[in-house]
Amino acid sequence: METTYLVCYDIADERRLQKVCNFMKGIGVHLQYSVFLCRLTWRELGGLKEALEQLIEPSEDDVRIYPLPSRSLIFALGRGPEVADEGRALVEAI
């Protein structure tokens, strides 16, 4: 069963930041600079955490993964990056 997660990060080093961002682009929908929306199984979540642990420096970086309720409403106000079609489907499915 899949759950929706909000993945947010603050990476101190520019090189690590790029690696984390590029990795996350293959996992979820890029909502804001350091924020991704992901639908993951429990196993995929474990793989995500393991991969991120390899990419970050725990003493300098901060990664947060928040599970969202299955019927969350998401409101987007103001300017921001356009959400691709798969992102719209993901947001509408929540």
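This is a predicted model: local features need pLDDT of at least 70, side-chain atom pairs count only at pLDDT 80 or more; totals for chains, interfaces and linings use all residues.
Reader: How many bridges join strand 1 to strand 4, and in which sense do they run?

Author: Two strands count as paired once at least two bridges are found between them. Here strand 1 and strand 4, residues 62-68, run antiparallel and are joined by 7 bridges.

Reader: In which sense does strand 1 pair with strand 3?

Author: That pairing is antiparallel too, over 6 bridges. As an example, L6 stands opposite L37 in strand 3.

Reader: Which residues of helix 1 are buried, and which are exposed?

Author: Buried means under 20% relative accessible area, and exposed means over 50%. In helix 1, R16, V20, C21 and M24 are buried. Viewed down the helix axis, the buried residues fall within an arc of 130 degrees, so they line one face of helix 1. E14 and R15, on the other side, are exposed.

Reader: What do the buried residues of helix 1 pack against?

Author: They pack against strand 1 (3-10), strand 2 (29-32), strand 3 (35-40) and helix 2 (42-55).

Reader: What is the reach of helix 1 from its first C-alpha to its last?

Author: Compare the reach with the value expected at 1.5 Å a residue. Helix 1, residues 14-25, has 12 residues and reaches 16 Å, close to the expected 16 Å.

Reader: Which residue caps the N-terminal end of helix 1?

Author: D13 does, with a side-chain oxygen 3.1 Å from the backbone nitrogen of R15.

Reader: How many aromatic pairs does the structure hold?

Author: It holds 1. To classify a pair, look at the angle between the ring planes: under 30 degrees counts as stacked. The rings of Y9 and F36 have centres 6.2 Å apart and planes at 20 degrees, so this pair is stacked. Because Y9 lies in strand 1 and F36 in strand 3, the pair ties together parts 27 residues apart in sequence. Y9 and F36 are both buried.

Reader: What percentage of the residues in the chain count as buried?

Author: Of its 94 residues, 28% do. As for contacts between residues at least 6 apart in sequence, 71% join residues at least 24 apart.

Terms used:
Residues are numbered from 1 along each chain as its sequence is written. Side-chain values use heavy atoms; hydrogens and water are left out. Helices (H or I, at least four residues) and strands (E, at least two) are DSSP runs, numbered from the N terminus. The expected span of a helix is 1.5 Å times one less than its number of residues. Buried means under 20% relative accessible area, exposed over 50%, partly exposed in between (1.4 Å probe, protein chains only). The arc is that of the directions from the helix axis to the C-beta atoms. Contact means heavy atoms within 4.5 Å. A polar contact is a pair of N or O atoms within 3.5 Å; within protein, one must be able to donate a hydrogen and the other to accept it, and residues adjacent in sequence count only if both atoms are side-chain atoms. Rings of Phe, Tyr and Trp (its six-membered ring) pair if their centres lie within 6.5 Å; planes under 30 degrees apart count as stacked, over 60 as edge-to-face and the rest as tilted.
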